[in-house]
Amino acid sequence: MKNKITRADDIIWRKVEDEIAVLKNDGCSLHILNETAAHIWEMCNGNYEPDEIAASLFEHFDVTLEEAKADVLETIGKLKDLGILKWDKEEGEP
Amino acid sequence: MLSSSNHLLEVQLGDFCCRIVCNDKEVADSLAKLYGDFPSTQKPDITLKLEIVKKMGSTEFEAALPEVKFFHDGDYFKTSCSIVVGKRNLDAGNVAMEVEKHIFNQDSGRSYVNHAICSLYYTACKLGHNGNPPAFMVHSCGIIRHDRVLLFSGPSGIGKSTIARLCGEEHGQVINDEAVLVHRPQQGNNTLMVQGIPIIGELPHRLNVTAPLRAVLLLRQGKRTSISRLRRMEAYVRFMRQIACPAFIGQMDKRAIYSMIVDFSNEVTQTVPFYEFEFTLDRTALWEVVEELEASLDREDR
């Protein structure tokens, strides 16, 4: 079973320089993602698994692959808890 | 056909003309005085039919006002306690409102009148620009200095009117101490224009002028006078909160509304410099810091 992650439907997001601002549609909550989290966020489009995102992070930032995997899982977990990311429904949550 | 008891007023709201038809001479005269600097000679883009009623006592009105909430149902809208009851007719380009008279008599009603003007402006944008406003209303005190505008921006109570008072006549021309229109950038032109609008602040006068925007200073009350340049993201997030809700009357699509806000904030923050401006009531220090800022911007321009 593949585990792909995608963005919530009720959000608006914009890239501002290297960072990303994510606004919930109710206008009540706004989240700012730093450069690393922004890179992860941009790959959370339903096309990539966490391992693939980690590989990309390893390629673009000064981290080991293990650190990248841990960062990706931690970031996805936090953003999911905030309600702005979700596991792809068709693939199912791991 | 207008009845002889109706009073007419045509007001310039940005690029649009708003015709106000009012059944109450006293209110019409008061609006004519408030909006006297914004006469319009254009063909009206939108008409507000204002029917003034007096159903509530002043005590009842005062008690109800802080709790007022707006409700929309299709073309119809009203507030709690029916202080305002209305209907929009976008096809005909008009909005009819029955409004409790007390709202025009007291300072506490000012924000509702401003809210109505803001909504009428964005409704005119809906009619004339298919919902894509050419300019957005921003909570700011706009001051013209050396032919360009500095916006002192921030929420109610932060000190916009205080800045305007500390400006007086010798440090610049105050466009408005509450809100201005900031135009979106035009293709091939990186200058943002600021335009006066008939939003009522604490100062008695407003200017019906347009001038280029030089910088935005996000206000913070403090124990000293100082200024610091803001990172783009911080400016983007903080400026977003100073953009008045760009919803036309009856617009319920929050995603569309917030999309306009985030995109406009993005456009402005990538075009002009943003600063955090901490200030006190020390007028001399305030304008010295502003002059230093302008000198540094002049050096950047060169």
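Predicted model: local features only at pLDDT ≥ 70, side-chain atom pairs only at ≥ 80, totals over all residues.

Which side chains meet in a salt bridge at 2.5 Å, N to O? I found the pair to be A:Arg14 and B:Asp263, whose side chains form a salt bridge at 2.5 Å, N to O.

**Entry: the interface**

That pair made me curious about the rest of the boundary between the chains. I read two salt bridges across the interface of chain B and chain A. I also noted five residue pairs in polar contact between chain B and chain A, both partners at pLDDT 80 or more.

Next I looked at which elements of chain B take part. Helix 6 (232-240) and helix 7 (254-269) of chain B each supply at least two residues of the side that touches chain A. Helix 7 of chain B gives the most, with seven residues. By class, I wrote down five nonpolar, two polar and six charged residues for the side of chain B that touches chain A.

Then I checked the extent of the contact. It draws on 16 residues from chain A and 13 residues from chain B. The area buried between the two chains is about 1,300 Å², with 61% of it from carbon and sulfur atoms. On the chain B side, I marked B:Met233, B:Arg255 and B:Tyr258, which lose the most area to chain A and together make up 43% of what that side buries.

**Entry: two helices in chain A**

How do helix 1 and helix 3 of chain A cross? I have their axes coming within 10 Å and crossing at roughly 75°. An angle of 65 to 115 degrees counts as roughly perpendicular, so I logged helix 1 and helix 3 of chain A as roughly perpendicular to each other.

**Entry: one more salt bridge**

One I liked is A:Lys86 with A:Asp9, where the closest N and O atoms are 3.2 Å apart. A:Lys86 lies in strand 5 of chain A and A:Asp9 in the loop between strand 1 and strand 2 of chain A, so the pair ties together parts that are 77 residues apart in sequence.

Methods. Residues numbered from 1 in each chain as written. Chains lettered and ligands numbered in written order. Heavy atoms only, no water. Contact = heavy atoms within 4.5 Å. Buried area = accessible area lost by both parts, 1.4 Å probe. Salt bridge = Lys/Arg side-chain N within 4 Å of Asp/Glu carboxyl O. Polar contact = N/O pair within 3.5 Å; in protein donor to acceptor, adjacent residues only side chain to side chain. Helix = DSSP H or I, 4+ residues; strand = E, 2+ residues; numbered from the N terminus. Nonpolar A, V, L, I, M, F, W, Y, C, P; charged D, E, K, R; others polar. Axes fitted to C-alpha atoms, helices over the stretch in contact; angles between N-to-C directions. Parallel < 35°, antiparallel > 145°, perpendicular 65-115°, else oblique.
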